[in-house]
Amino acid sequence: MNDIPGRIPGPIPGLPDGYQISTDPARIDVGRVHRWLATDAYWALGRPRESHERAMAGSLNFGVYEMSSGDQAAYARVVTDGATFAWLCDVYVDPSARGKGVGTALVAAVREHLRPLGVRRVLLATEDAHGVYEKLGFRALDRPERWMALGLE
């Protein structure tokens, strides 16, 4: 049944008919994803293509694809050690696929992909999509005073 490399097996809760989710890096439309992020995602505006490609190379990448055309409709990137920790980032849904549940299904697939690895904590940052992530179990940090960040810009 899982004859497509990187295809997430089994039904993905909430994934609309006609879409498929894969972790196969060969299927990612790198140019499209870079364009989405560098021109339309507040957290990645102006990101150079080289930086984008290096980030993808060091990450677990998820794509959502329209089954009829094969076109990529959404993307998410996970930085993880594959054992204890993950950072979910660069979640983007093409405007033509928004409002259908594609993004929620994508994040659910990420969660289910990481769960059997034993990952205990998945972090993310969002400016405006708290409600989407809360539906999937994300919560504000219990003790944000314990967390720190080092900005190198």
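Q: In which strand is Asp90 found?
A: This is a predicted model, in which local features need pLDDT of at least 70 and side-chain atom pairs count only at pLDDT 80 or more, while totals for chains, interfaces and linings use all residues. Residues are numbered from 1 along each chain as its sequence is written, and side-chain values use heavy atoms, with hydrogens and water left out. Strands are DSSP runs of E with at least two residues, and helices are runs of H or I with at least four, numbered from the N terminus. The run that spans residues 85-93, and that holds Asp90, is strand β4.

Q: Is Asp90 buried or exposed?
A: Buried means under 20% relative accessible area, exposed over 50%, and partly exposed in between, with a 1.4 Å probe and protein chains only. Asp90 has a relative accessible area of 3%, so this residue is buried.

Q: What is the phi of Asp90?
A: Most residues other than glycine have a negative phi. Asp90, which is not a glycine, has a positive value, near 55°.

Q: Which residues of helix α2 are buried?
A: Helix α2 covers residues 49-57, and its buried residues are His52, Ala55 and Met56. Seen down the axis of α2, they fall within an arc of 100° (taken from the directions from the helix axis to the C-beta atoms), so they line one face of the helix. On the other side, Glu50, Arg54 and Ala57 are exposed, which leaves as the buried residues His52, Ala55 and Met56.

Q: Is Phe85 buried or partly exposed?
A: Phe85 has its place in strand β4. Its relative accessible area is 33%, so Phe85 is partly exposed.
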